[in-house]
Amino acid sequence: MPHPARHLIGLGLVMITVGTGWLLNALGLGPEINWVWTLALAAIGVLSLAQGGRIDKFNVIVGPWFLIASALSVLRQAGLLVLDVEVPLLVIAGGALLVIAQSPRVPIPHWLQPDAAATRQE
């Protein structure tokens with residue numbers, strides 16, 4: 001079971017990210033960009049990569065995908081990319097990450113391994 005302080009660190013990081021986005025919006029930096037949304041996507045990506053301190057089949061997909069979504073969101077909001085291009089790019093990125101995650105070198109998440117399931121039920 002994860003230490004409760006880890007959850008508080010994650011919550012603190014999310015609060016810092018949302019506050020930073022809110023501040024950027026309030027200061028009018030990149031006024032066309034919704035920084036709260038964009039930084040929240042990035043925070044989810046970073047937190048999923050940092051989860052458990054190891055890379056596995058779950059966070060090798062989720063982390064980079066949210067980071068890519070954050071970057072594409074900035075490009076779209078800045079008028080450099082249209083939604084009709086952003087969404088297919090996200091689908092392509094998701095598919096590529098799914099293929100990468102199938103590598104035998106990328107481990108299965110501990111919470112999906114048979115031993116972990118048996119331990120949880122006891």
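I took buried to mean under 20% relative accessible area, exposed over 50%, and partly exposed in between, with a 1.4 Å probe and protein chains only. Helices (H or I, at least four residues) and strands (E, at least two) are DSSP runs numbered from the N terminus.

I noted that this is a predicted model, in which local features need pLDDT of at least 70 and side-chain atom pairs count only at pLDDT 80 or more, while totals for chains, interfaces and linings use all residues. Residues are numbered from 1 along each chain as its sequence is written, and side-chain values use heavy atoms, with hydrogens and water left out.

**Entry 1: overall**

I found five helices and zero strands in the chain. Of its 122 residues, 26% are buried.

**Entry 2: helix H2**

I looked up H2, residues 35-50. Its buried residues are Trp 35, Thr 38, Leu 41, Ala 42, Ala 43, Gly 45 and Ser 48. I compared the length with the expected span, which is 1.5 Å times one less than the number of residues. The 16 residues of H2 should span 22 Å, and the end C-alpha atoms are 22 Å apart, which agrees. At the start of H2, I found a side-chain oxygen of Asn 34 within 3.2 Å of the backbone nitrogen of Val 36.

**Entry 3: helix H4**

I then turned to H4, residues 83-101, which reaches 27 Å from its first C-alpha to its last. The buried residues in H4 are Glu 86, Leu 90, Ala 93, Gly 94, Leu 97 and Ala 101. They cover an arc of only 100° around the axis, which puts them on the same side of H4; the arc is that of the directions from the helix axis to the C-beta atoms. On the face turned away from this buried side, I recorded the exposed residues Asp 84, Val 91, Ile 92 and Val 99. The buried residues of H4 pack against helix H3 (59-77).

**Entry 4: core**

I listed the largest nonpolar core as Leu 41, Ala 69, Leu 72, Leu 81 and Leu 90. Such a core is a set of buried Ala, Val, Leu, Ile, Met, Phe, Trp, Tyr and Cys residues joined through side-chain atoms within 4.5 Å. Leaving aside neighbours within four places in sequence, Leu 90 is in contact (heavy atoms within 4.5 Å) with Trp 65, Ile 68, Ala 69 and Leu 72.

**Entry 5: Gln 77**

I placed Gln 77 in helix H3. Gln 77 counts as buried, at 16% relative accessibility. Not counting residues up to four places away in sequence, Gln 77 touches Glu 32, Ile 33, Asn 34, Trp 37 and Thr 38.

Conventions: Polar contact = N/O pair within 3.5 Å; in protein donor to acceptor, adjacent residues only side chain to side chain.
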